[in-house]
Amino acid sequence: MSKYQELRMNKPKLTIKEEAREVVFTTVSCMCDNIHYMTFKKDDNGDFKMHCGGFAYSNFGIKHPKHDVEWEADENEWGGVIAMINSGFSVVSEVKSR
């Protein structure tokens with residue numbers, strides 16, 4: 001069984017620090033279990049901006065507009081952010097925050 005399939009069937013328990021200024025999600029793609037990173041960093045206004053590690057947002061096949069994901073992050077609704085990311089071609093395998 002692939003890592004992607006394992007993560008789809010058994011979602012990991014992920015914890016994000018309160019008031020984090022940066023959150024990095026490690027994702028596993030359905031294509032050959034490739035690993036990518038999605039980073040959320042707060043800008044000067046205190047809003048989160050998503051960075052896809054050099055890949056286009058559309059490559060992840062997420063079923064929500066990018067601004068919806070960023071706004072969910074602004075509200076510290078990380079469960080919603082993870083669900084949105086998992087709606088695409090990749091799943092979240094781990095998270096780091098500071």
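Student: How do β2 and β3 pair?
Tutor: In this predicted model, strand β2, residues 35-42, pairs with β3 in the antiparallel sense, over four bridges.

Student: Which residue of β3 is the bridge partner of T39?
Tutor: That is H51.

Student: What order do the strands take in the sheet?
Tutor: The order is β3-β2-β1-β4, in an open sheet of four strands with antiparallel pairing.

Student: And which strands stand at the edges?
Tutor: β3 (48-51) and β4 (90-97) do. Each has a single partner strand, so one side of each has no neighbour in the sheet.

Student: What does the twist average from one strand to the next?
Tutor: The average is 25°.

Student: Which strands does helix α2 touch?
Tutor: Helix α2, residues 66-74, packs on the sheet and touches β2 and β3. The direction of α2 makes about 130° with that of β3.

Student: Helices next. At what angle do α2 and α3 pack?
Tutor: At about 155°, and their axes are 8 Å apart. Helix α3 covers residues 78-86.

Student: So is α2 roughly parallel or roughly antiparallel to α3?
Tutor: Roughly antiparallel, because the angle is over 145 degrees.

Student: Which residues make that contact?
Tutor: On α2 they are D68, V69, E72 and A73. On α3 they are W78, G80, V81 and M84.

Student: Is the crossing left-handed or right-handed?
Tutor: α2 passes α3 in a left-handed crossing.

Student: What about the loop between α2 and α3, what is found there?
Tutor: N76 is in that loop. N76 is not a glycine, yet its phi is positive, about 55°.

Student: Is N76 buried, exposed or partly exposed?
Tutor: Partly exposed, with a relative accessible area of 36%.

Student: Where is E19 found?
Tutor: E19 sits in the loop between α1 (3-9) and β1 (22-29). E19 also has a positive phi of about 55° without being a glycine. Its relative accessible area is 62%, so E19 is exposed.

Student: Different topic. How many disulfides are there?
Tutor: The count is zero. For C32, the nearest cysteine sulfur is that of C30, 9.1 Å away. A disulfide needs the two sulfur atoms within 2.5 Å, so C32 is in none.

Student: Is C32 buried or exposed?
Tutor: C32 is exposed, at 70% relative accessible area.

Notes:
Residues are numbered from 1 along each chain as its sequence is written. This is a predicted model: local features need pLDDT of at least 70, side-chain atom pairs count only at pLDDT 80 or more; totals for chains, interfaces and linings use all residues. Side-chain values use heavy atoms; hydrogens and water are left out. Buried means under 20% relative accessible area, exposed over 50%, partly exposed in between (1.4 Å probe, protein chains only). Two strands pair if DSSP finds at least two bridges between them. Helices (H or I, at least four residues) and strands (E, at least two) are DSSP runs, numbered from the N terminus. Axes are lines fitted to C-alpha atoms, for helices over the stretch in contact, and angles run from 0 to 180 degrees between N-to-C directions. Contact means heavy atoms within 4.5 Å. Angles under 35 degrees count as roughly parallel, over 145 as roughly antiparallel, 65 to 115 as roughly perpendicular and the rest as oblique. A crossing is left-handed if the near helix is turned anticlockwise from the far one by less than a right angle, and right-handed if clockwise.
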